[in-house]
Amino acid sequence: MPLAVTSLREAVALEPDRPEYRLALAKALVAQGHNREALPYVNDVLRQEPVHGEANLVLARILRDTGASTEAESAYYRAIFGRWAQAQLSSRQQARLELVAL
């Protein structure tokens, strides 16, 4: 298991109430091709903040890759219209492009 995933697992275990750690772990797992394992971490973030733009984008990509295109489309819309940090607005644009390609 890559060091980043191991370190992020430790961070989540030490500070389970930090959604940014859960999302970072989910993204690292997705990057390693472990979508099924990443899903609970993304869902935890979305339970706390359903309009979290980046978490919805990660969810949309997981759903797209598993063939759940209808659910992926909904997640892409939530990502596009969700809350994003100012520095992440290019990711919102990426979500739009991915939705069109879906």
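Mentor: Let's start with Ala-75, which lies in helix α5; helices here are DSSP runs of H or I with at least four residues, strands are runs of E with at least two, and both are numbered from the N terminus. This is a predicted model, so local features need pLDDT of at least 70 and side-chain atom pairs count only at pLDDT 80 or more, while totals for chains, interfaces and linings use all residues. Residues are numbered from 1 along each chain as its sequence is written, and side-chain values use heavy atoms, with hydrogens and water left out.

Trainee: Why is Ala-75 called buried?

Mentor: Buried means under 20% relative accessible area, exposed means over 50%, and partly exposed is in between, with a 1.4 Å probe and protein chains only. Ala-75 has a relative accessible area of 0%, so it is buried.

Trainee: Which residues is Ala-75 in contact with, leaving aside its neighbours within four places in sequence?

Mentor: They are Asn-56, Leu-59, Ala-60 and Leu-63, where contact means heavy atoms within 4.5 Å. From C-alpha to C-alpha, Ala-75 is also 6.6 Å from Leu-57, although the two are 18 residues apart in sequence.

Trainee: What makes Asn-43 partly exposed?

Mentor: Asn-43, found in helix α3, has a relative accessible area of 25%, so it counts as partly exposed. Val-42 is found in helix α3 too, but Val-42 is buried because its value is 0%. Beyond its neighbours within four places in sequence, Val-42 is in contact with Ala-26, Ala-55, Val-58, Leu-59 and Ile-62.

Trainee: Which residues have the most contacts inside the largest nonpolar core?

Mentor: Leu-25, Val-42 and Tyr-76, in a core of 29 residues. A nonpolar core is a set of buried Ala, Val, Leu, Ile, Met, Phe, Trp, Tyr and Cys residues joined through side-chain atoms within 4.5 Å. The elements giving two or more residues to this core are α1 (3–14), α2, α3 (35–48), α4 (53–65), α5 (69–80) and α6. The largest share, seven residues, comes from α4. In soluble globular proteins, nonpolar side chains tend to be buried together. As for Tyr-76, its contacts outside four places in sequence include Ala-60, Ala-95, Leu-99 and Leu-102.

Trainee: How many helices and strands are there in the protein?

Mentor: Six helices and zero strands, and along the sequence the pattern is α-α-α-α-α-α.

Trainee: How do you know that the protein is as compact as a globular protein of that length?

Mentor: The radius of gyration is taken over C-alpha atoms, and the globule rule is 2.2 Å times the number of residues to the power 0.38. For 102 residues the rule gives 13 Å, and the protein's radius of gyration of 13 Å is close to it, so the protein is as compact as a globular protein of that length. The C-alpha atoms fill a box of roughly 35 × 30 × 20 Å along the principal axes. Buried residues make up 37% of the 102 residues.

Trainee: What share of contacts with a separation of 6 or more comes from residues 24 or more positions apart?

Mentor: They account for 38% of those contacts.
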